[in-house]
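Hi everyone, thanks for coming.

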Amino acid sequence: MIQSVAFIGLGAMGYRMAAHLPKHFETVYVWNRTFAKAEEHAVEYGTQAVALEQAVQADIIFSCLPTSADVEALVQGLSLKAGSIWVDCTSGVPDAARHLEEALTEQGVIFLDAPVSGQTIGAENGTLTVMVGGNAEGFEKALPAMQAFGKLIKHVGTSGAGFAVKAVNNMLLAVNLCAAAEGFTTLKAHGVDLNEALDCINASSGKSNVTETVLRQRILNRSFPVTFALPLLAKDTGIALDLARDAKLAVPLLALGQSLMQAASNLSDKNSDFSSAVKMYESWSNITIE
Ligand code: NDP
């Protein structure tokens with residue numbers, strides 16, 4: 001029986017994910033590095049903004065920080081409650097999940113890597129996909145809490161498996177984004193109407209999430225709303241490439257995808273949306289995708 005839950009890291013994702021918890025649980029602690037955001041969350045959603053030391057006394061502790069290194073640094077030195085479950089929704093590194101699992105086991109705490117997909121709109125609507133690695137019994141116990149913000153919630157394997165699935169997913173997003181940028185600059189160079197072309201492609205075999213949502217909602221209308229920062233996508237492609245290299249696989253497309261995302265990220269403001277990676281292609285070709 002889950003009596004209390006906590007959410008640590010109220011960023012673009014965490015703020016919205018944590019908003020669902022008070023609908024299901026009486027005691028919901030929130031903590032954020034910039035504490036004013038936690039206080040704002042408490043006022044807006046009826047959560048309790050508390051010190052980190054108190055937040056981690058909850059039965060289920062969620063975290064959603066930029067990187068695994070941030071989570072590892074945060075966990076160090078914390079005294080946790082035996083029997084609790086730490087559910088890390090960061091898009092993290094599989095090796096870090098295994099280290100954290102080991103470290104938290106010493107305090108009698110189960111660690112699950114549980115990254116999410118579905119962007120800020122999915123967080124807001126409580127329709128995220130959650131891919132979970134780690135102890136199967138812990139997964140079953142934490143499931144009711146994850147259901148507060150998740151729609152498809154899968155246990156995909158042992159510790160680190162969730163992070164691996166997320167990294168590969170985001171690599172596929174990056175590769176599709178690059179392919180769409182190249183394809184659509186080519187069409188524009190040949191005088192094709194991009195909106196009409198998009199309708200055709202979305203009813204054809206070359207469609208992807210990028211053509212179905214990202215192109216129309218973020219790129220063609222030149223809005224590039226910042227909901228998922230480009231450096232975070234570049235981080236994820238790096239994790240996916242490291243995984244492939246660890247397994248000594250030949251992955252030329254993944255290597256290229258990572259190089260392109262890293263280059264686009266280096267060329268952009270760090271607060272750019274992931275979709276603005278196409279601007280690198282636009283600067284090479286002098287063609288605007290609109
Ligand atoms: P944001 O940058 O919006 O938020 C990051 C949060 O982490 C903030 O609350 C920030 O606190 C906190 N934080 C940053 N560094 C530290 C630290 N060293 N110690 C403690 N707290 C810290 O990121 P997102 O919410 O967009 O992303 C979070 C995770 O979710 C990432 O791993 C990302 O890849 C993943 N993700 C993001 C999606 C999206 O669409 N945005 C979709 C799916 C996954 P402060 O307010 O003080 O800065």
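So, where does the ligand lie relative to domain 1 and domain 2? Before I answer, keep in mind that this is a predicted model. Okay: domain 1 covers 4-157 and domain 2 covers 164-285, and both give residues to the shell around the ligand, so the ligand lies between them. It also sits in the largest pocket.

Now, who's in that shell? There are 24 residues around the ligand, and the ones that come nearest are Ala12, Asn32, Thr34, Lys37 and Thr227. By type, the shell splits into nine nonpolar residues, nine polar ones and six charged ones.

What about helices? α6, at 119-125, and α11, at 230-246, each supply at least two shell residues. Which gives the most? That's α11, with three residues.

Let's zoom in on some atoms. With arginine 33 it's a polar side-chain atom, lying 2.9 Å from an oxygen atom of the ligand.

And how much of the ligand gets covered? On its own it exposes 910 Å², and the protein buries 85% of that.

Terms used: Residues are numbered from 1 along each chain as its sequence is written. This is a predicted model: local features need pLDDT of at least 70, side-chain atom pairs count only at pLDDT 80 or more; totals for chains, interfaces and linings use all residues. Side-chain values use heavy atoms; hydrogens and water are left out. A residue is near a molecule or strand if one of its heavy atoms lies within 4 Å of it. A polar contact is a pair of N or O atoms within 3.5 Å; within protein, one must be able to donate a hydrogen and the other to accept it, and residues adjacent in sequence count only if both atoms are side-chain atoms. Accessible areas come from the Shrake-Rupley method with a 1.4 Å probe; for residues, only the protein chains shown count as cover. On a 1 Å grid over the protein atoms alone, a cavity is a set of points where a 1.4 Å probe fits but cannot get out, and a pocket is an open set with protein on both sides within 12 Å along at least five of seven lines; lining residues have an atom within 4 Å of a point. A molecule sits in a cavity or pocket if more than half of its atoms lie within 2 Å of its grid points. Helices (H or I, at least four residues) and strands (E, at least two) are DSSP runs, numbered from the N terminus. Ala, Val, Leu, Ile, Met, Phe, Trp, Tyr, Cys and Pro count as nonpolar, Asp, Glu, Lys and Arg as charged, and the others, Gly among them, as polar. Domain bounds come from an automatic or database domain assignment.
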